[in-house]
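Here is a short note for a colleague who is opening this structure for the first time. Please read the points with the model on screen.

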Amino acid sequence: MAEESLERRLARLESRAEIAELLARYAFLIDDHEFDALGELFTPDARFGSPGSTHTGREAIVANYRALGDLYPITLHEARGFVLDFLDEEHARGQVLGFSEQASARHTVITSFRYDDEYARLDGRWRFASRQVRTLYAMTHAELASGGLATRLRTVSYTHLTLPTILRV
């Protein structure tokens with residue numbers, strides 16, 4: 001196997017840093033309800049999916065985030081770690097471990113989830129081409145305080161339900 005050039009290795013490190021910033025910017029923009037700016041983080045034909053729904057294109061993705069923003073007016077999202085595989089100089093895929101707290105009129109909910117992402121470089125910037133989210137657990141603070149992480153709530157992967165359905169918000 002031929003060794004990669006220093007220039008190519010440096011370009012990969014720069015791309016990793018740019019994608020890490022993309023992940024942080026995504027969290028900031030969701031929490032700040034800057035949904036139009038959030039849409040710019042996606043390619044024009046991007047897909048965003050969660051159990052039970054898929055949205056294709058920036059407009060549909062932004063509309064989805066606006067609806068969730070109405071349901072949860074206060075949120076805190078964190079990207080806690082990620083792994084990347086570069087497919088070529090313009091495409092990568094990765095998995096991101098995330099955490100959030102989301103406050104509705106009835107509950108504050110904590111969630112842990114994973115994103116399966118595809119990234120594409122467009123106009124010199126890395127963007128989401130596809131983002132699929134899978135909830136690992138979701139529970140209210142009251143459920144957490146009563147031992148929620150030790151119960152079945154912690155081990156259930158909600159692959160067939162949406163968060164509002166789980167919590168009956």
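1. Start with the lining of the largest cavity in this predicted model. Leu23, Tyr26, Ala27, His77, Glu78, Ala79, Val96, Leu97, Gly98, Phe113, Tyr115 and Arg131 line it. A cavity is a set of points, on a 1 Å grid over the protein atoms alone, where a 1.4 Å probe fits but cannot get out; lining residues have an atom within 4 Å of a point. H1, E3, E4 and E5 each supply at least two lining residues. Helices (H or I, at least four residues) and strands (E, at least two) are DSSP runs, numbered from the N terminus. The volume of the largest cavity is about 70 Å³, taken as the space filled by probe spheres set on the points, with grid points joined across faces, edges and corners. The whole structure holds one cavity of 30 Å³ or more.

2. A word on conventions. Residues are numbered from 1 along each chain as its sequence is written, and side-chain values use heavy atoms, without hydrogens and water. The model is predicted: local features need pLDDT of at least 70, side-chain atom pairs count only at pLDDT 80 or more, and totals for chains, interfaces and linings use all residues.

3. Next, the core. The largest nonpolar core has 25 residues. Such a core is a set of buried Ala, Val, Leu, Ile, Met, Phe, Trp, Tyr and Cys residues joined through side-chain atoms within 4.5 Å. Tyr26, Leu38, Leu41, Phe42, Tyr65, Tyr119 and Phe128 have the most contacts inside this core. H1, H2, E1, helix H3 (58-71), E3, E4, E5 and E6 each supply at least two of its residues. H1 gives the most, with six. Leu41 touches Leu22, Arg25, Tyr26, Leu29, Arg125, Arg127 and Phe128, leaving out residues up to four places away in sequence. Contact here means heavy atoms within 4.5 Å.

4. Now the strands. E3 (residues 74-86) and E4 (residues 91-103) run antiparallel and are joined by twelve bridges. Two strands pair if DSSP finds at least two bridges between them. Phe82 faces Val96 in E4. The hairpin from E3 to E4 passes through four residues.

5. Which strands pair with E6? E5 (residues 108-122) pairs with E6 in the antiparallel sense, over 14 bridges, and Arg114 has Arg134 as its bridge partner. In E6 (residues 125-140), 13 of the 16 residues are buried, so the strand is largely enclosed by the rest of the structure. Buried means under 20% relative accessible area, exposed over 50%, and partly exposed in between (1.4 Å probe, protein chains only).

6. Check two backbone angles. Most residues other than glycine have a negative phi. Asp123 has a positive phi of about 55°; this residue lies in the loop between E5 and E6 and is exposed at 70% relative accessibility. His33 also has a positive phi of about 55°. His33 sits in the loop between H1 (6-31) and H2 (35-39) and is partly exposed, at 27%.

7. Last, Thr75 in strand E3. Thr75 is buried, at 15% relative accessibility. Its side chain makes a polar contact with the side chain of Asp31 (2.7 Å). A polar contact is a pair of N or O atoms within 3.5 Å; within protein, one must be able to donate a hydrogen and the other to accept it, and residues adjacent in sequence count only if both atoms are side-chain atoms. Leaving aside neighbours within four places in sequence, Thr75 is in contact with Ile30, Asp31, Glu101 and Gln102.

Terms used:
1 Å grid on protein atoms, 1.4 Å probe; cavity = no way out; pocket = protein on both sides within 12 Å on 5 of 7 lines; lining within 4 Å.
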